[in-house]
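Here's a quick tour of the model shown below. Grab a viewer and follow along.

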Amino acid sequence: MSGRRSTIYLEPELHKRLRRRGAEEERTVSEMVNSAVAAWLETDGAPPAPPVTATAGSAPPPPASPVAAAAGDGAPRVTPLSVAVLAPPGWQTPVAPLPEGLAPPVRRLFGALRGGDPDLAAQQAAAASRYGA
Amino acid sequence: MILLAPDVILDVLLARAPHAEPAARLLDRVVRGDLEATMSAGTAALAWQVAERAVGTQAARGLVEQLLALVPVTPLGGTTLLEALAAPIADADAALLHATAIAATAGTIVTREPRQFEGSTRAIRSPAEVLATLPG
């Protein structure tokens, strides 16, 4: 990413969560901070957004998770950084088709964290019927 | 013996195109006994954390158990941490993986982020590169 260099200080736990999220989504901390700050600037000083009920920007609604539960009242709130932190894993990367001929233990793990993807679920079901689960 | 870095494991679990296929094929060769593989405790922990958020607590535990059945973890102890601190590798995560590879006597670290491992004494290969070295 090109741009001007700036040093920011993040809380250690927040930094750890951002790095974890970056590993999932193949985004750098810089990219995530950039998108979060841009989203915040877009609000132009508006009050905090309402609880997430449908979508948060381009991200699908977050799944139930320890992170969401930590919001306190059970309803996660969209803040600039929570958009980056709460988005479901892998939502940015396209899903790969299930390769043919994998051993059953590998097939079961393939895309296991993308279980909500109907195409992949269908492929896994078809493969299971072909090769036996 | 190879050490699978977290990006390779997550490529499989998240079916991330276009990287998931070679990663899954490599894991398949491990399952079939064509080569030995290990992963770091940190990699397993990361997979667990990501899984908890994606599929919930119970399912995540099941998935991590399945993963551990396929790829054993090399323990991370004080000696390994000291090795990581002394490693000529700038990135802390990469230094830990490098030290774990040494502890596991793994000659190769499998990742698609080779730049992180500059200075490593292990061979750094992508899943596709490792697959290319295997017969059949």
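## Chain A at a glance

In chain A, 58% of the contacts between residues at least 6 apart in sequence link residues at least 24 apart; a contact here means C-beta atoms, placed from the backbone, within 7 Å. This is a predicted model, where local features need pLDDT of at least 70, side-chain atom pairs count only at pLDDT 80 or more, and totals for chains, interfaces and linings use all residues. Residues are numbered from 1 along each chain as its sequence is written, with chains lettered from A and ligands numbered from 1 in the order written.

Chain A has six helices and zero strands (DSSP runs numbered from the N terminus: H or I of at least four residues for helices, E of at least two for strands). Of its 133 residues, 22% are buried, with 20 or more other C-beta atoms within 10 Å of their own.

## Where A meets B

The contact draws 29 residues from chain A and 30 residues from chain B. On the chain A side, helix 1 (12-25), helix 3 (66-69) and helix 5 (104-109) each give two or more residues, and helix 5 of chain A has the largest share, four residues. By class, that side splits into 20 nonpolar, five polar and four charged (nonpolar is Ala, Val, Leu, Ile, Met, Phe, Trp, Tyr, Cys and Pro; charged is Asp, Glu, Lys and Arg; the others, Gly among them, are polar).

## A helix pair in chain B

Which residues make the contact of helix 1 of chain B with helix 3 of chain B? B:P6, B:I9, B:L10 and B:L13 come from helix 1, and B:T43, B:L46, B:A47 and B:V50 from helix 3. The set has seven nonpolar, one polar and no charged residues.

Terms used. Buried ≥ 20, exposed ≤ 12 C-beta atoms within 10 Å, placed from the backbone. Contact = placed C-beta atoms within 7 Å.
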